[in-house]
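Please read them alongside the sequence and coordinates.

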Amino acid sequence: MKPTEIMNEIVVLSGKGGTGKTSIAASLAVLAGNSAVIADCDVGAANIHLLLKPDFGKTFEFYSGELASIHQELCTVCGKCAEVCRFKAISFIDDHYLISDLDCEGCGYCERVCPTHAIAMYERKSGHVYISKTKVGSTMVHARLDISAENSGKLVAAVKNEAKSIAIKEDKQFIIVDGSPGIGCPVVSSLSGANYVILVTEPTLSGLHDLKRVHAVISRFRIQSGCIINKFDLNLEKTVEIKHFLEELQIHHLADISYDIAFTQAMTEGKTIVETSSPLKQLIEEVWYNVKEQIIIKK
Ligand code: SF4
Ligand code: SF4
């Protein structure tokens, strides 16, 4: 059997931040050990590195979109570029026309109207991608967007593609993806090629609302999914409501995790819950076992 035929991609998502998504993803990464490549696709607020302690072994720059720049020696200071820039990115300062990197949207209009061809378009550096070894010996691909950089969907795709090619090359059985919160472009990018999605929610009005929204996105991709209700005991009424929703949509109910201070304590010590003696450790181990079984049965 070829390696690509046995690789499984598991994405951990939550409709909103603060549900414990990253802690769960990191716990699964620890349980999977060297059988998985980890992809941190929460590029806007990357923090799984705090738990998996990657070594930032290799890095490369990520480029996305374009940026205009003026060659001052060719500029005749006619001002045509500033007139057409509807993003107000070109200013006249000290007898020169200058382009602000922060405001330029890379539309290229100024380049087209410049009579002396003084304007050139360049690829815009948007961030860095890192390839690291985690504390459990697995390879992790992670990234950081530059301040004010956009296109995080493309950066997520770059992280995923890198993780996938490493997993194929190193013949790994799993890719575990810590997805972005929300339902935007980065979430859609993190779903491509996924075999299973673990949804992490909490029993609040917004938790259920966001769970419904993110499930609506993943159902378009026809990906199998399961749900963990974190801190279920903080609102039993809402937990029952969430369970009804899971039943109705035939989403596998993976676990109810009770509120436990050990979860937060472990995080402040830079550990996952499965590295502690908390009773929740066994629960997460069961989740990992169940998810693996479901993927295998489906295949
Ligand atoms: S259009 Fe070209 S020549 Fe005119 S001000 Fe802009 S860069 Fe200079
Ligand atoms: S590329 Fe577009 S946004 Fe950037 S400076 Fe030129 S006209 Fe303005």
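**Notes on the predicted model**

1. The shell around ligand 1 consists, by class, of nine nonpolar, three polar and one charged residues. In this classification Ala, Val, Leu, Ile, Met, Phe, Trp, Tyr, Cys and Pro are nonpolar, Asp, Glu, Lys and Arg are charged, and the others, Gly among them, are polar. The shell has 13 residues, and the closest are C75, C78, K80, C81 and C114. A residue is taken as near a molecule or strand if its C-beta atom, placed from the backbone, lies within 6 Å of it.

2. Some conventions apply to every point. Residues are numbered from 1 along each chain as its sequence is written, while chains are lettered from A and ligands numbered from 1 in the order in which they are written. The model is predicted, and local features need pLDDT of at least 70, side-chain atom pairs count only at pLDDT 80 or more, and totals for chains, interfaces and linings use all residues.

3. Ligand 2 is surrounded by 14 residues, with A68, C85, C104, C107 and C110 the closest. Its shell divides into eleven nonpolar residues, two polar and one charged.

4. The chain contains eleven helices and eleven strands; these are DSSP runs numbered from the N terminus, helices being H or I of at least four residues and strands E of at least two. The C-alpha trace spans about 70 × 45 × 40 Å along its principal axes. Of the contacts with a separation of 6 or more, 76% are between residues 24 or more positions apart, a contact being two C-beta atoms, placed from the backbone, within 7 Å.

5. The chain is divided into domain 1 (3-53 + 134-298) and domain 2 (65-125), with bounds that come from an automatic or database domain assignment. The centres of the two domains, taken over C-alpha atoms, are separated by 43 Å.

6. Of the 299 residues, 42% count as buried. Buried here requires 20 or more other C-beta atoms within 10 Å of the residue's own, exposed means 12 or fewer, and partly exposed is in between, with C-beta atoms placed from the backbone.

7. The largest nonpolar core has 66 residues, and those touching the most other members are A29, A39, V159, I175, I176, I198 and I228. Helix α2 (residues 21-32) gives the most to this core, eight residues. Another core lies apart from it and has twelve residues, including C85, A89, Y97 and I99. A core is a set of buried Ala, Val, Leu, Ile, Met, Phe, Trp, Tyr and Cys residues joined through C-beta atoms within 7 Å. Not counting residues up to four places away in sequence, I175 touches M7, E9, A36, V37, A39, A163, K164 and A167.

8. In strand β1 (residues 8-13), six of six residues are buried. N8, I10 and V12 point one way, and E9, V11 and L13 point the other way. Strand β1 runs parallel to β8 (residues 174-178), joined by five bridges, and V11 has V177 as its bridge partner there. Strand β1 also pairs in the parallel sense with β9 (residues 196-201) over four bridges, where I10 stands opposite Y196. Pairing requires that DSSP find at least two bridges between two strands.

9. Strands β3 (residues 58-70) and β6 (residues 119-133) run antiparallel and are joined by eleven bridges, with I70 opposite I119. Strand β6 is also joined to β7 (residues 139-145), antiparallel, by seven bridges; G127 has L145 as its bridge partner. The β6 and β7 hairpin has five residues between the strands, and G137 in this hairpin takes a positive phi near 90 degrees.

10. Two non-glycine residues deserve a check of their backbone angles. Most residues other than glycine have a negative phi. D95, in the loop between β4 (90-93) and β5 (96-99), has a positive phi near 70 degrees. D95 counts as exposed because 6 other C-beta atoms lie within 10 Å. H117, in the loop between α5 (109-113) and β6, has a positive phi of about 55 degrees. H117 is likewise exposed, with 9 other C-beta atoms within 10 Å.

11. L246 is placed in helix α9 (residues 236-248). Why does L246 count as buried? L246 has 21 C-beta neighbours inside 10 Å. Leaving aside neighbours within four places in sequence, L246 is in contact with C227, I251 and H253. L246 and C227 are 19 residues apart in sequence and 7.7 Å apart in space, C-alpha to C-alpha.
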